[in-house]
Amino acid sequence: MNRKLAPPIHAITNLRLPRPVIHTLDNGVTVYETSMGTQDVVRLEIVFYAGRPQEHKHLVSRSTLGLLREGAGPYSAAEIAEILDYYGSSLSTPFNMDSANLVLYALSHQLDKVLPLLVAMLETPAFPAEELDAFIQRNLKLLAEDLSKPDVVAYRQITELIFGPTHPYGYNSWPETYAQLHRDDLVHHFNTLYTCDNCEIFISGKITPEIIALLNRTIGAWNRRGKVTPFVPPPIHTRPEKQWLTKPNGVQSAIRIGRRLFDRRHPDYCGMFVLSTMLGGYFGSRLMANIREEKGYTYNIYSTLDTMRYDGCFYIGTEVGNEFVKDTVQQIYKEIELLRTQPADVEEMEMVRSYLMGSLLTMLDGPFNVGEVVRTMVAEDAPFHFFEDLVATVETISAQQLQELANRYLQPDDLWEVIVG
Amino acid sequence: MITFQRYILDNGLKVLVHEDDSTPMVAVNVLYDVGSRDEAPDKTGFAHLFEHLMFGGSANIPDFDDPIQLAGGENNAFTNTDLTSFYNVLPAQNIETAFWLESDRMLKLRFNKKVLGVQRKVVVEEFKETCLNQPYGDAWHHISDLAYKTHPYRWPTIGLEPSHIEQATLDDVKQFYYAYYRPNNAILVIAGNVKSEEAVRLAEKWFGSIPTGQIPTRHIPVEPPQTEQRRRVLHADVPSDALYLAFHMAPRLAPEFYASDLITDALGNGPSARLFRRLLKEQKLFAHIDCYLSATHDPGLLIIEGKPSEGVSLEQAEALIWQELEQLRTTPLPEVELQKLKNKVESSLVFSELSALNKAINLATFELLGDAALINEEVRFYQNVTTEDMHQVAARLFRPENCSVLHYVAPRPALN
């Protein structure tokens with residue numbers, strides 16, 4: 001046996017997003033069903049288009065969603081918590097810029113016990129004023145903690161500079177933002193946007209016709225309509241700038257370098273996804289190889305596309321020892337320059353393609369993962385064939401095309417830079 | 001129920017295979033029976049540093065990550081007090097790549113001065129990022145130091161201080177490798193879209209010829225029972241006050257562990273848990289509160305951490321927590337609450353079986369603890385816990401002299 005010889009590698013082929021089965025409930029709500037897997041479990045996600053783009057005041061979207069579980073219909077907040085826990089379910093409200101999402105995980109045979117809670121939250125949430133106050137107090141504490149972390153401060157700052165301080169994707173929360181929140185704001189946000197003509201449901205797991213029928217009997221019987229005005233993204237007039245926010249006493253500094261990009265529907269999105277992966281999207285990426293594995297300046301460095309429904313941005317992030325800041329920044333610009341000036345060699349192209357194909361396959365591993373891809377496509381207004389388009393780009397994009405993209409989008413003068421430390 | 005087959009190669013390597021054809025992937029996990037509890041007190045953090053070095057190339061393969069990525073896979077590793085675990089997830093058709101890579105770095109690592117130099121720096125940056133440059137990032141250092149006086153759990157896996165990592169030499173590396181990274185000190189688990197016969201054939205082919213090693217006998221000092229409460233107050237540059245209470249509890253396999261785990265859930269797991277519901281939601285005296293356990297193989301810790309609301313002092317906050325603990329000591333838990341806790345455990349076990357990687361890591365961990373079949377006994381162990389067990393265990397746990405207390409005092413705003 002020759003241990004120097006790698007076993008043959010078999011390419012991943014025919015990668016395709018399983019299309020969901022689409023149902024319409026009696027109240028007109030669309031349900032996207034992804035049924036696969038072996039475990040009797042359900043993931044149910046309700047997406048309301050009631051995020052930052054739709055709110056009339058900053059932070060209303062997050063606080064309305066956060067308070068839904070604080071009492072609704074016949075249930076007190078404590079009862080909601082008790083019932084969810086008793087049946088081994090969990091309900092979360094993960095942060096999302098563009099929408100308000102309720103995610104319920106349940107054992108299939110217990111779903112009927114917990115769905116009534118969800119219906120009550122959609123019909124008559126209580127929004128107790130004292131709970132809003134407590135929510136604000138807790139969040140002020142969390143904010144103070146976040147503001148003591150250089151990486152969080154750097155992220156807040158660069159997104160605010162890129163989109164502008166009043167833009168839905170750019171604004172940050174401050175104590176004053178919280179101080180302006182009133183119960184009426186939440187009620188208004190809820191009444192106008194948490195309606196059955198402004199939401200979609202995604203269900204995945206081992207889904208039976210009985211489960212769909214159950215959904216229709218419960219959520220399908222809920223009926224509040226609204227009048228949602230389409231969102232027109234405000235114009236953005238920001239210019240790239242560099243900022244260094246000093247933070248005394250830290251042993252590391254956070255670096256963010258990035259720019260505004262675009263949403264998933266842009267023709268260059270898939271190519272930029274590949275380019276960002278090559279630069280800093282996996283362990284073997286250029287930034288990791290240079291700044292961690294060659295120089296040992298950091299535990300982690302990455303680049304990523306942050307994608308929203310109506311826009312997007314690209315950024316590089318890392319935390320490095322204070323003594324390494326200057327050279328790290330130089331090395332980052334050097335790596336970006338290399339992307340612009342030299343096409344990647346065959347070996348690297350092969351590696352990025354293979355890595356990404358594996359990672360796309362992982363996105364289709366199991367009902368919950370597939371369900372989340374389906375949710376992302378619908379909620380970001382991208383067609384299902386986006387997935388296959390991305391696969392095709394990964395398989396066929398050339399080194400020259402990547403170089404062209406780098407020249408189009410990664411000019412140093414177009415990049416924002418924030419250092420905190 | 002997780003079914004698996006077990007084979008032991010002639011060199012002592014334990015091989016477990018779990019077939020799951022509902023996934024296109026396969027997870028390959030190699031666990032080594034060595035953790036930070038096996039370190040010398042003046043060379044702490046070494047087991048974790050060594051984990052980093054395992055990616056620096058082996059006898060026949062210059063780089064570990066490239067081939068895995070070319071095979072469309074991902075890999076990573078973690079070290080804790082009790083074990084070091086390396087895992088690979090890749091498309092099932094490329095499973096052999098993982099066998100090739102993992103066996104070569106078990107056969108012979110490339111001892112490389114440059115790799116050691118760089119990874120020492122990387123780990124020191126990791127130390128800074130997770131412990132020094134985060135508010136409360138050194139909490140685990142203080143808790144371990146307070147709760148353990150003899151047992152090597154007294155230092156965290158990341159190490160006591162960066163200088164221990166900076167001083168690691170190539171000789172230390174070689175010695176550690178030949179002492180612990182041998183087939184008879186390892187467990188190989190393959191879980192996912194693979195047939196047992198194929199997995200065993202590949203295990204035999206790639207790992208079968210790796211020579212056995214002489215594994216040092218473990219002499220870990222037993223932590224003597226704590227007899228009086230230990231307290232530490234830190235005046236630190238943190239955004240708000242915080243407190244931690246750490247109680248000694250049973251080791252992972254002791255019958256008592258299951259009641260302790262359910263007590264932890266009663267206090268801190270889920271929106272209806274006692275501490276969260278009563279102290280944070282109803283009385284609004286905390287901005288954050290949580291309860292969890294270290295679940296170590298030797299006797300571990302049950303930890304409660306909290307941040308009091310504005311205007312609530314650390315002393316008041318601590319007294320409130322003790323009141324809740326006192327209730328568990330004096331009043332038996334209602335049956336319906338115990339049933340709720342058991343339902344939650346059962347549900348989380350079902351959900352944990354959704355991922356092949358999860359199953360691989362859990363099988364390896366239970367095999368290390370003595371028998372992978374224990375993974376299917378867990379539900380029964382939890383189901384057998386009675387309210388009386390809960391009561392007794394709570395009474396043993398929540399004694400003031402069994403507790404270490406850590407307070408962080410934030411700087412007070414200056415008066416104008």
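Q: Which residues line the second largest cavity?
A: In this predicted model, a cavity is a set of 1 Å grid points where a 1.4 Å probe fits but cannot get out, and lining residues have an atom within 4 Å of a point. Local features here need pLDDT of at least 70 and side-chain atom pairs 80 or more, while totals for chains, interfaces and linings use all residues, and side-chain values use heavy atoms, without hydrogens and water. Residues are numbered from 1 along each chain, with chains lettered from A in the order written. The lining of the second largest cavity is made up of Leu275(A), Met278(A), Arg286(A), Leu339(A), Gln342(A), Pro343(A), Ala344(A), Ala399(A), Leu402(A) and Gln403(A).

Q: What is the volume of the second largest cavity?
A: The lining of this cavity has seven nonpolar, two polar and one charged residues. Its volume, the space filled by probe spheres set on the grid points, is about 40 Å³.

Q: How much space lies in the largest cavity?
A: The structure holds two cavities of 30 Å³ or more. Leu53(B), Leu109(B), Arg110(B), Phe111(B), Asn112(B), Val115(B), Leu116(B), Leu170(B) and Val173(B) line the largest one. Its space comes to about 50 Å³.

Q: Which elements give two or more residues to the lining of the largest cavity?
A: By class, this lining has seven nonpolar, one polar and one charged residues. The elements that give two or more of its residues belong to chain B. They are helix H4 (113–132) and helix H7 (170–180).

Q: What area is buried between chain B and chain A?
A: Where the two chains meet, 72 residues of chain B are in contact (heavy atoms within 4.5 Å) with 67 residues of chain A. Carbon and sulfur atoms give 57% of the area buried between them. That area, the accessible area (1.4 Å probe) lost by both parts on being put together, is about 5900 Å².

Q: How many salt bridges does the rule find across the interface of chain B and chain A?
A: A salt bridge pairs a side-chain nitrogen of Lys or Arg with a carboxyl oxygen of Asp or Glu within 4 Å. Glu145(A) and Lys307(B) meet in one, at 3.0 Å from N to O. Over all chains, the search finds 47 salt bridges. Across the interface of chain B and chain A, the number is nine.

Q: Why does the pair of Glu131(A) and Lys281(B) join two chains?
A: The side chains of Glu131(A) and Lys281(B) form a salt bridge at 3.6 Å, N to O. The pair joins two chains because Glu131(A) lies in helix H4 (residues 129–146) of chain A, and Lys281(B) in helix H10 of chain B.

Notes:
On a 1 Å grid over the protein atoms alone, a cavity is a set of points where a 1.4 Å probe fits but cannot get out, and a pocket is an open set with protein on both sides within 12 Å along at least five of seven lines; lining residues have an atom within 4 Å of a point. Helices (H or I, at least four residues) and strands (E, at least two) are DSSP runs, numbered from the N terminus. Ala, Val, Leu, Ile, Met, Phe, Trp, Tyr, Cys and Pro count as nonpolar, Asp, Glu, Lys and Arg as charged, and the others, Gly among them, as polar. Buried area is the accessible area (1.4 Å probe) that two parts lose on being put together, summed over both.
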